[in-house]
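I opened the notebook to record what I looked up, entry by entry. The structure comes first, then my notes.

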Amino acid sequence: MMIVTMIAAVPCGNANQNNEQPLGGDNDSTVTVGISKVYFTKDINSEGLVKIYEALGRPASGRVAVKISTGEPGGHNFLQPELIKDLVHNVNGTIVECNTAYGGKRSTTEEHLQTAKDHGFTAIANVDIMDAEGDMRIPVKDSTHIKYDIVGSHLKNYDFMINLAHFKGHAMGGFGGVLKNQSIGVASANGKAYIHTAGKAQSPDELWENLPEQDYFLESMSAAAQAVADYFGDNILYINVMNNLSVDCDCDSHPHDPEMKDIGILASTDPVALDQACLDLVFNYTPSEDDDNASLLERINSRHGTHTVDYAEEIGLGSRQYQLINIEDNSIMNKNDNEMQHTASRLVAYFSATGTTKAVAQTLAKATDADIYEIRPEKLYTTADLDWQDNNSRSSVENANENSRPALADKNANIQNYDVIFLGFPIWWYRAPKIINTFLESYDFSGKTIILFATSGGSQLGETAKYLKGSCSKTTVIKDGKILSRNASEEELQKWVKSIGY
Ligand SMILES: Cc1cc2nc3c(=O)[nH]c(=O)nc-3n(C[C@H](O)[C@H](O)[C@H](O)COP(=O)(O)O)c2cc1C
C-alpha cells in the first residue's frame, strides 16, 4: 500500500482566488499557490477551539453569526455549549440556526428555541432562528439544480459567519461537515426542501415524494454552500470538530453510538479543503479493537458522500489540495511526524487472459496513482481453453454454468486497504468471466465502490454489473465504467476517471 503525504491527489484547477492565496495567520509565503491550509489540533476543548480560530488569522468582526447545529432532543453528540462558549464570547457571536424540514422538535421557531435552551445554548449566547420571520433568496453560481438558495431572512443581519460544524456521519448525505452546515444548515425549512429535492419542491410537505437522484441532492448542497460563501466573501471561516463520530447526524434523535475515537479540531478558510481533510482522516484511520472506522466509511461510501466535496471543487468553491498544519508547532503533518497518514486508497484489480486488459490496467494504475493487483487463475487458460467457438472448451463450459467459480491462484488483494477498486477484465460472452465472481466472493467489499472497466472485441459492458452484484454485499456500490482501449494514454484515463468523479 502506498503512503503519501496529507495532500489530496486531485489537482486544483478551479479553486476560487481566495483559496489560492496562502492563508493568513502565520505570514507563510512559501505555501504553493493552489494548496489551501487546514489547521489541526488534537485538543478538543474550549482552549483548542479558540486557538485554532486564532490560527486562521481572519478575526471575526461586525455582527458575527456562529452557525452550529442545536441538536435534536434525544441525541447527545452535538457540540456542547461548554466546548464552544469561549469562542462564541471571544467573537461576541450570536448562535444561529434555521428550522428543520422534518417533524421533530426543531421544526418551529418556538420549539427550536426551547430545544436550544434545553441543550444549554441560550445560557451562553443569544440564539437566533434565522427563518423565524421567513426566508430570502440569495444567488447561486451553479444553477444546475437549484436556481437560488433559500436562506433564513435574518442572514442579512450578520456581517461575518463562523461555520462551526460537528463532523460525523449522516443518513442522507453520508457525512456532515462544514459544507452541509452551510447549505442545509443555513437554508430555511423551505430552502432545505429545495436542496433535498434538487430544485423540485420548495415546501417540506413535498419533500419526501420528490427526492431526486442522490448525486443531484449532493450537488445541490455544494451549490447552496457556495451561495453562502459568496454572500459573505472574505467574512467567513470554517471549523469542523471531529468528536463523537457517529454514523448518524445531530438531527437524529437516536443516533448510533460512535465506533471510532475522537480525532481533533480542524479549521480553514477553504470549506472544501476542510471537509476533504476530515474525510481523509476517516478514510485513512488505522482501526484497532473497539476503535473502528468501518461503519462510518460504509455510511459515507454507501451515500456517495465524497461527491459533495468533489462537486464543490468542480464548481469552484475551494480546493481539495491542502496542507495539514499542526497548530502546536506549525509543522506540516505527514507520515514522518504524525500517526495519521493519507494512504492511497485506490486499487486497480484485473484479470487478463491474453494481455490486453493487463496493458490498460497498468496505465490506469499509473494514471490514478493506484496500487495494482492481478487476479490470476489457479490454472492458467490455454489457447484451447479460450476457444469460444468450441462449446466444450473450458471458457465455454464455465460461461454456460452460472455456478462456475474458477479457483484463484491467491487471495492477496488486501481489499480492506482500499475504498475504490477499479475492476478490469476481458468481456467474455457479453459479460465478465466467472473468475470475477470468484474474486468478488473471496473478499469483503462492504462499503467499497467498484468501478468496472473492460477490453473487448467490440461489445460494451451491457448487463455485466447485474451479473456481478449478487457476488457482493448490499453495501457495495458497483458502477459501470467503460470499455477501454489497450492503447489508452495516461492522460485519457485520468480524464475519464475525473469525469466520473474519482
Ligand atoms: C472466451 C472468449 C469470449 C469472448 N467474448 C467476447 C464478447 O462477447 N464480445 C466481445 O466483444 N469480445 C469477446 N471476446 C474478446 C475479448 O473480450 C477481447 O479479446 C479482450 O480484449 C481480451 O482481453 P485479455 O487479453 O485481457 O484477455 C471474447 C474472448 C474470449 C477468449
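The model is predicted, and I kept its limits in mind: local features need pLDDT of at least 70, side-chain atom pairs count only at pLDDT 80 or more, and totals for chains, interfaces and linings use all residues. Residues are numbered from 1 along each chain as its sequence is written.

**Entry: the ligand.** What surrounds the ligand? I found 20 residues around it, with S352, T356, T357, P426 and G457 the closest. Near here means that the C-beta atom, placed from the backbone, lies within 6 Å of the molecule or strand. By class, the shell holds eight nonpolar, 11 polar and one charged residues. Helix α11 (residues 356-368) gives the largest share of the shell, three residues. Helices (H or I, at least four residues) and strands (E, at least two) are DSSP runs, numbered from the N terminus.

**Entry: the domains.** I read the assignment next: domain 1 covers 3-341 and domain 2 covers 346-499. Such bounds come from an automatic or database domain assignment. The two centres, taken over C-alpha atoms, are 38 Å apart. Six residues of domain 1 are in contact with eight of domain 2; contact means C-beta atoms, placed from the backbone, within 7 Å. On the domain 1 side, helix α9 (residues 294-302) supplies the largest share, four residues. That side divides into three nonpolar, two polar and one charged.

**Entry: the nine-strand sheet.** I traced an open sheet in the order β5-β4-β3-β8-β11-β12-β2-β13-β14, with mixed pairing. Two strands pair if DSSP finds at least two bridges between them. The edge strands, β5 (127-129) and β14 (331-332), each pair on one side only. Strand β8 (residues 160-166) runs parallel to β11 over six bridges, and M161 has I236 as its bridge partner in β11.

**Entry: strand β12.** Strand β11 (residues 236-242) runs antiparallel to β12 over five bridges, with V241 opposite I265. Strand β2 (residues 36-41) is also antiparallel to β12, over three bridges, and Y39 stands opposite A267.

**Entry: helix α10.** I checked α10 (residues 306-314) and found eight of its nine residues buried. Among them are H307, V309, Y311 and E313. The cover includes α5 (178-183), α7 (214-232), α8 (271-283) and α9. G316 follows α10, with a positive phi near 95°.

**Entry: the five-strand sheet.** I noted another open sheet, β17-β16-β18-β19-β20, with parallel pairing. β17 (371-374) and β20 (477-483) stand at the edges with a single partner strand each, so one side of each lacks a neighbour in the sheet. Strands β18 (residues 420-426) and β19 (residues 449-455) pair in the parallel sense over seven bridges. L423 has L452 as its bridge partner in β19.

Methods:
Ala, Val, Leu, Ile, Met, Phe, Trp, Tyr, Cys and Pro count as nonpolar, Asp, Glu, Lys and Arg as charged, and the others, Gly among them, as polar. Two residues are in contact if their C-beta atoms, placed from the backbone, lie within 7 Å. A residue is buried if 20 or more other C-beta atoms lie within 10 Å of its own, exposed if 12 or fewer, and partly exposed in between; C-beta atoms are placed from the backbone.
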